[in-house]
Amino acid sequence: MAIDEAIAVGCPDLQRKGGLRYVGLFDWTDLSGQQITYSGAQHSITSLGATETGVLFEFKDETATLNISASKENGQTAFEISVEMYIPRMDATKFNAIDKAQDVCLFACVQDTNGIDWILGISEDFENVDVNYRNQTYGKLNALEGTTSSAYTEENGITLTFYCRQFCLPYTYTGTNTIDTSAGTMELS
């Protein structure tokens with residue numbers, strides 16, 4: 001790969017805001033047999049091969065973060081990506097939703113507050129072409145921390161962490177993302 005692009009920072013870059021708006025979790029096995037379409041020039045995924053419907057995880061405003069860290073070992077860069085979100089008020093319905101996603105190979109679509117959709121847990125590098133869900137870059141819910149706190153004025157809720165390890169930076173998703181908060185779904189087409 002030749003180094004042939006510059007990075008410029010202009011007014012729109014300085015007017016961006018932080019934080020996440022939505023997190024959609026999807027089951028990797030739903031992608032079985034689908035052909036993911038990458039656009040290398042734009043570092044994006046344009047299609048997952050078919051319409052995929054995931055579960056929408058909402059959270060308290062200004063509590064969710066997308067974190068990326070990279071390390072290079074034996075000439076290969078690995079990216080560790082995590083999404084942390086705070087879900088207020090513990091209850092059985094929320095525990096049930098979290099429990100159903102515990103032992104599932106996941107990928108995520110995370111929409112930031114600037115309207116950019118990021119795909120996490122899918123990596124074109126080292127993908128298994130015959131069976132794409134065997135590429136081992138899938139994500140998982142790997143941490144949960146909940147508390148009722150002790151004082152009436154303190155928070156009661158769960159901090160949930162989605163984690164994946166992949167071999168390229170997250171791709172933007174340029175297909176259609178339809179969010180239905182009343183149904184609790186995110187649909188990528």
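Which residues make a nonpolar surface patch of about 400 Å²? The patch is made by Ile7, Val9 and Leu14. This is a predicted model, in which local features need pLDDT of at least 70 and side-chain atom pairs count only at pLDDT 80 or more, while totals for chains, interfaces and linings use all residues. Residues are numbered from 1 along each chain as its sequence is written, and side-chain values use heavy atoms, with hydrogens and water left out.

**Surface patch**

- Patches are made of residues with over 30% relative accessible area and no salt bridge; like charges are joined within 9 Å, and nonpolar side chains (Val, Leu, Ile, Met, Phe, Trp, Tyr) within 5 Å.
- Accessible areas come from the Shrake-Rupley method with a 1.4 Å probe, and for residues only the protein chains shown count as cover.
- Leu14 belongs to helix 1 (residues 11–14); helices (H or I, at least four residues) and strands (E, at least two) are DSSP runs, numbered from the N terminus.
- Leu14 has a relative accessible area of 64% and is exposed; exposed means over 50%, buried under 20%, and partly exposed in between (1.4 Å probe, protein chains only).

**Ser82 in strand 6**

- Ser82 sits in strand 6 (residues 76–88) and is buried, at 15% relative accessibility.
- Apart from neighbours within four places in sequence, Ser82 is in contact with Thr65, Leu66, Asn67, Thr161, Phe162 and Tyr163, where contact means heavy atoms within 4.5 Å.

**Salt bridges**

- The whole structure holds 3 salt bridges, each defined as a side-chain nitrogen of Lys or Arg within 4 Å of a carboxyl oxygen of Asp or Glu.
- Lys60 and Glu155 form a salt bridge through their side chains, at 2.3 Å from N to O.
- Lys60 lies in the loop between strand 4 (52–57) and strand 5 (65–73), and Glu155 in the loop between strand 9 (139–147) and strand 10 (157–166), so this pair ties together parts that are 95 residues apart in sequence.
- Lys60 is partly exposed at 33% relative accessible area, and Glu155 is partly exposed at 36%.
- Asp91 pairs with Arg89 in a salt bridge of 3.5 Å, N to O.
- Asp91 also forms a salt bridge with Lys94, with the closest N and O atoms 4.0 Å apart.
- Shared partners join Arg89, Asp91 and Lys94 into one network of salt bridges.
- Within this group, Asp91 is buried at 18% relative accessibility, Arg89 is exposed at 52%, and Lys94 is partly exposed at 23%.
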